Amino acid sequence: MKENEIDTEEKLLELYIEELKAVPPVEEFLRKEWMQKASNGDQEARKRLAESYLLQTLHLAAKYRGQGVGLADLIQEANVGLMEAIDKETVTEVNILTSVEEALKRVVEEERKETKIGEQLADRLNMLSDTAKELAKRYGKEPTIEELADYLHITVEEVQSDMKLSLDVLSVKNS
């Protein structure tokens, strides 16, 4: 993330926190009453209950900072988890907090998987490039797709696909 993006995210976070501070704290007995009403389908109770947990979901989201997902995305996912819990038939504090935590863990895990896939793809493209350079030195000419495929023990289609991806990556970098 670039420095100006971080500054913007921090400013937005500050504004969001200020908005949440304007939401008055809720007595526990009132929250429990809203949970009961929300469980019975009361939309106003669901709305008030959601508002009453926003600051808590923010704090939970902040615990997941530094794990590859931006804070704004973490807050969004935490709030989605909150809304999913409040929309269930049985609304309890345990269900709400569990749903928020699960949403946060899920988004962090998805980001880890995407990062790993990206790293594996980069490794594969680097290997293709290195092999092409090595074979060019060895043969004194650019290797054919068939020679690359044979040397790497992969199909011609895989080499073509990797070469296309490599070109796509280069065009995105140069845009």
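Me: Leaving aside neighbours within four places in sequence, which residues is Asp162 in contact with?

Reply: First, the ground rules. This is a predicted model, in which local features need pLDDT of at least 70 and side-chain atom pairs count only at pLDDT 80 or more, while totals for chains, interfaces and linings use all residues. Residues are numbered from 1 along each chain as its sequence is written, and side-chain values use heavy atoms, with hydrogens and water left out. Contact means heavy atoms within 4.5 Å. On that basis, Asp162 is in contact with Arg124, Leu125 and Leu128. Asp162 sits in helix H7 (residues 156-173); helices are DSSP runs of H or I, at least four residues, numbered from the N terminus.

Me: Is Asp162 buried or exposed?

Reply: Buried means under 20% relative accessible area, exposed over 50%, and partly exposed in between, with a 1.4 Å probe and protein chains only. Asp162 counts as buried because its relative accessibility is 5%.

Me: How should I read the buried residues of a helix, for instance in H2?

Reply: An α-helix has 3.6 residues a turn, so residues three or four places apart point the same way. In H2, the buried residues are Arg31, Trp34, Met35 and Ala38. They lie on the same side of H2 because they cover an arc of only 105° around the axis, the arc being that of the directions from the helix axis to the C-beta atoms. These buried residues pack against helix H3 (43-62) and helix H5 (93-139).

Me: What is Ala38 in contact with, beyond four places in sequence?

Reply: Its contacts are Ala45, Arg46, Leu49 and Val91. Ala38 and Val91 are 53 residues apart in sequence, yet their C-alpha atoms are 6.7 Å apart in space. At 0% relative accessibility, Ala38 counts as buried.

Me: Which residues have the most contacts inside the largest nonpolar core?

Reply: In soluble globular proteins, nonpolar side chains tend to be buried together. A nonpolar core is a set of buried Ala, Val, Leu, Ile, Met, Phe, Trp, Tyr and Cys residues joined through side-chain atoms within 4.5 Å. The largest has 28 residues, and Leu49, Leu74, Leu82, Ile96 and Leu104 have the most contacts inside it. Helix H1 (3-21), H2, H3, helix H4 (71-86) and H5 each supply at least two residues of this core. H3 gives the most, with 8 residues. Apart from this core lies another, of 7 residues, including Ala132, Leu135, Leu152 and Val159.
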